[in-house]
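Please keep the structure in view while reading.

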Amino acid sequence: MNYFVGYKCSLCAMEYDSSHIQYTCPKDGGNLDVVLDYATIRRNFQPDDISLMVEQSLWRYLPLLPVSEPKRRRTPLRAAGWTPIYSPQRLAVELGLQKLWIKDESRNPTASFKDRASALVVARSQEIGVEVVVTASTGNAGAALAGMAAAVDQKAVIFAPRNAPAAKIAQLLVFGAQVFLVDGTYDDAFDLSIQASEEFSWYCRNTGYNPFTAEGKKTAAFEIWELIHSGVLMHNPTSPLNIFVSVGDGNIISGIHKGFKDLEMLGWINHMPRLYGVQAEGSAAIANAFDAGQETINPVSANTLADSISVDLPRDGVRAVRACRETGGSYVRVTDQEILDSIAALGKAGIFAEPAGAAAYAGLQRLVKLGRFSKQDPVLVINTGNGLKDIKAAMECVPHAPVIEPSLKSLIKALGY
Ligand SMILES: *Cc1c(COP(=O)(O)O)cnc(C)c1O
Ligand SMILES: [Zn+2]
């Protein structure tokens, strides 16, 4: 039993029912929003019914999800979401903010935010009984799909660019997916995966293509909302929460926006948080559209070390522009050097981020420098991926460790005493 009624096109507002597999709008290629039966959910549930759920994963939000509960309990598929939120004192002081939180998505089963989306897509694929799930990925979406599929013995096919970080490719292979390394960009892999999915009737998870990915990603908004609702994040909010998230295809930020919009439809939220999208300077197609005040996304030739947000043509750009415009936030561009510096900064708070994860923090640092926030403004930064996924980048932002002889004498010399 769930409250999924259908889809609505984000461009032409055409509605489609829930009985067929739908990807994008057949008329204009627009991304589809999942529509829920808000009136019935509202009649059947109170916010406290959600807070009292014992499930410590995104499945605690089952009444607000368009899929039914995956059957087997003790699997990684049932462990996605419900990530910790930290309050790092040292970073708050450095930035001159009194209320700073970091939500650490690297704590998901396959170590990135993408598990939220892949959990929903795999649950959906089980529901509709497809044999093979497929995705194109810069690495994390694939690892998440491969991991979630392995959890329920589902066959997964992954297309990744051949230059994806080695740790991400290792994850794909260890999870037993059939992996193809495409001699081209993520965008090339994306196009090929859609052709393959059509040719072989594989169920396609692609970001900004399958409407269920945003439905998984919206659960991060629900987790933030729960902490606001219970007073953990803010007592008597005087200004809305400012949320920073890194943006490549734009599906995470669209998903988070959808989550807060669902809560608004249910009348469960008073203040819509402000969303800030952070892009790498070398991969800023969505930021460009936002700054131009338009929704037309012009492709770029992406060039950044943050591979997870390196995208020529973002697949969820329109909704991603709206996420910031409609909430009163904005887009920020950061350099690769700022991203590396942010890996080091977060590390000193005990948080290990991959470049795309650290980019969100770099965006906050930028806006703080520009004087965009006062001391009391509450800010939450999402670290979307684990630093272990890209060791090469991590080693670029830290000093080398000296090699010493195993003697006290050589230690004293190295310490400079
Ligand atoms: C995918 C990803 C992003 C960006 O998400 P989009 O939906 O492509 O905007 C950011 N950080 C990490 C670690 C990711 O894997
Ligand atoms: Zn349409």
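The sections below describe the basis of the model, its cysteines and its salt bridges.

## Basis

This is a predicted model, in which local features need pLDDT of at least 70 and side-chain atom pairs count only at pLDDT 80 or more, while totals for chains, interfaces and linings use all residues. Residues are numbered from 1 along each chain as its sequence is written, and side-chain values use heavy atoms, with hydrogens and water left out.

## Cysteines

The structure holds zero disulfides, a disulfide being a pair of cysteine sulfur atoms within 2.5 Å. Cysteine 9 is buried at 4% relative accessibility, whereas cysteine 12 is partly exposed at 35%; here buried means under 20% relative accessible area, exposed over 50%, and partly exposed in between (1.4 Å probe, protein chains only).

## Salt bridges

There are 27 salt bridges in the structure, each a side-chain nitrogen of Lys or Arg within 4 Å of a carboxyl oxygen of Asp or Glu. Glutamate 215, which is buried with a relative accessible area of 1%, pairs with lysine 218 at 2.6 Å, N to O, and lysine 218 is itself buried at 0%.

Glutamate 215 also meets lysine 258 in a salt bridge of 2.9 Å, N to O. This pair links distant parts of the chain, 43 residues apart, with lysine 258 in helix α10 (residues 251-265) and glutamate 215 in helix α8 (residues 212-217); helices (H or I, at least four residues) and strands (E, at least two) are DSSP runs, numbered from the N terminus. Elsewhere, Glu55, Glu69, Arg73 and Arg78 are linked in a network of salt bridges.

Key:
Chains lettered and ligands numbered in written order.
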